[in-house]
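Have your viewer ready, and we will walk through this model one selection at a time. Each stop tells you what to pick and what you will find there.

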Amino acid sequence: MTEWFERWFGEEYLALYPHRDEREAAAAVGLVESNLGGIEVKRALDLACGAGRHSRLLSERWWTAGFDLSAALLARAKAADPAGVYVRGDMRALPFVDQGFDLVVNLFTSFGYFDNDAQHLRVLAEVARVTRRGGKFVLDFLNSDHVRGTLVPGESSNIGGRAVEVRREISADDKFVVKTIASGGEGGAGDQTFVERVRLFDRMDLETMLEESGFGVEQVLGDYAGGAHSESSPRTIVFAIRE
Ligand SMILES: C[S@@+](CC[C@H](N)C(=O)[O-])C[C@H]1O[C@@H](n2cnc3c(N)ncnc32)[C@H](O)[C@@H]1O
């Protein structure tokens with residue numbers, strides 16, 4: 001069965017979100033760089049790099065590999081950065097050697113996509129395997145309190161002449177935020193519906209899972225400007241060291 005993230009992060013995602021924010025990417029990478037606590041970084045991994053907006057900036061600082069499941073997004077990354085290293089695969093089985101990276105980043109809520117938490121732990125086990133001891137992992141995730149408190153249930157817009165309807169809800173079991181994106185083609189032709197389903201891990205869940213996976217949590221920030229994490233901060237940005 002095709003999973004939602006295999007359908008959604010393709011051509012349609014590119015068509016509906018053609019200009020993901022480059023300024024935000026620069027802020028995120030700047031935040032990562034200034035909170036590494038002086039470790040030496042030679043090799044970095046942008047895990048779930050999408051169209052490569054962070055990978056390009058990371059590679060100005062360190063040798064960087066971008067990794068993602070989406071062939072369409074990786075093709076976009078490679079077109080923008082022909083010399084860049086981009087690898088396709090599933091984050092549950094990374095095609096990299098043990099301890100091969102000094103720094104792994106997972107940015108802009110590219111985690112929490114699976115139905116079952118054993119799969120999320122599988123991802124963290126893979127990240128732990130490919131991160132050298134003393135290396136860092138930065139997990140930039142949504143803030144579940146903020147999502148619950150600010151959820152906009154419905155929204156209509158027009159993107160490039162296409163009507164787009166977005167619905168958002170918390171799943172009946174209270175574990176996921178579910179976004180349904182319906183985009184209409186001209187005259188109703190080519191209508192398509194996509195689902196985005198993200199596990200509402202809170203800060204403690206993330207810290208516990210990271211600690212169970214071989215990381216020590218060093219710091220948790222709440223936005224890309226380096227603000228404190230709180231119930232109302234937009235992000236949960238966890239800096240962890242591989243023990
Ligand atoms: C919200 S996008 C963020 C992309 C990028 N980090 C950015 O900020 O532009 C999430 C990314 O996760 C990727 N992804 C989803 N499931 C994946 C999996 N199982 N293995 C690897 N990448 C995956 C998607 O293809 C998509 O590019």
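Predicted model: local features only at pLDDT ≥ 70, side-chain atom pairs only at ≥ 80, totals over all residues.

Residues are numbered from 1 along each chain as its sequence is written.

**The overall fold**

Switch to a cartoon. You will see eight helices and eleven strands (DSSP runs, H or I of at least four residues for helices and E of at least two for strands, numbered from the N terminus). The C-alpha atoms fill a box of roughly 55 × 40 × 35 Å along the principal axes. The radius of gyration is 18 Å, which agrees with the value near 18 Å for a compact globule of 243 residues (taken over C-alpha atoms, with the globule rule 2.2 Å times the number of residues to the power 0.38).

**Two domains**

Next, colour 4-143 + 202-242 as domain 1 and 146-197 as domain 2 (bounds from an automatic or database domain assignment). Their centres, taken over C-alpha atoms, are 24 Å apart. Where they meet, ten residues of domain 1 are in contact with eleven residues of domain 2. On the domain 1 side, α1 (4-8) and α2 (11-16) are the elements that each give two or more residues. The largest share, three residues, comes from α1. By class, this side has five nonpolar, three polar and two charged residues (Ala, Val, Leu, Ile, Met, Phe, Trp, Tyr, Cys and Pro count as nonpolar, Asp, Glu, Lys and Arg as charged, and the others, Gly among them, as polar).

**Around the ligand**

Select the ligand and its shell. Which residues are the closest to the ligand? They are F9, A48, G50, S70 and F108, out of 18 that surround it (C-beta atom, placed from the backbone, within 6 Å). The shell holds ten nonpolar, four polar and four charged residues.

Zoom in on A48, in the loop between β1 (43-47) and α4 (53-58). Its phi is near 70 degrees, a positive value in a residue other than glycine. A48 is buried, with 23 other C-beta atoms within 10 Å. Then hop to F108, in the loop between β4 (101-106) and α6 (117-130). F108 also has a positive phi, near 65 degrees, and is buried with 20 other C-beta atoms within 10 Å.

Now pick L45, L47, V104, V105, V127, L139 and A240, which touch the most other members of the 54-residue largest nonpolar core (buried Ala, Val, Leu, Ile, Met, Phe, Trp, Tyr and Cys residues joined through C-beta atoms within 7 Å). Leaving out residues up to four places away in sequence, the contacts of A240 include L139, L210 and F215.

Finish at R242, in strand β11 (residues 235-242). Is R242 buried or exposed? R242 is buried, with 23 other C-beta atoms within 10 Å. Draw a distance to R132: the two C-alpha atoms are separated by 6.8 Å, although the residues are 110 apart along the chain. Beyond four places in sequence, R242 touches R132 and R133, among others, and also F215.

Note on methods: Contact = placed C-beta atoms within 7 Å. Buried ≥ 20, exposed ≤ 12 C-beta atoms within 10 Å, placed from the backbone.
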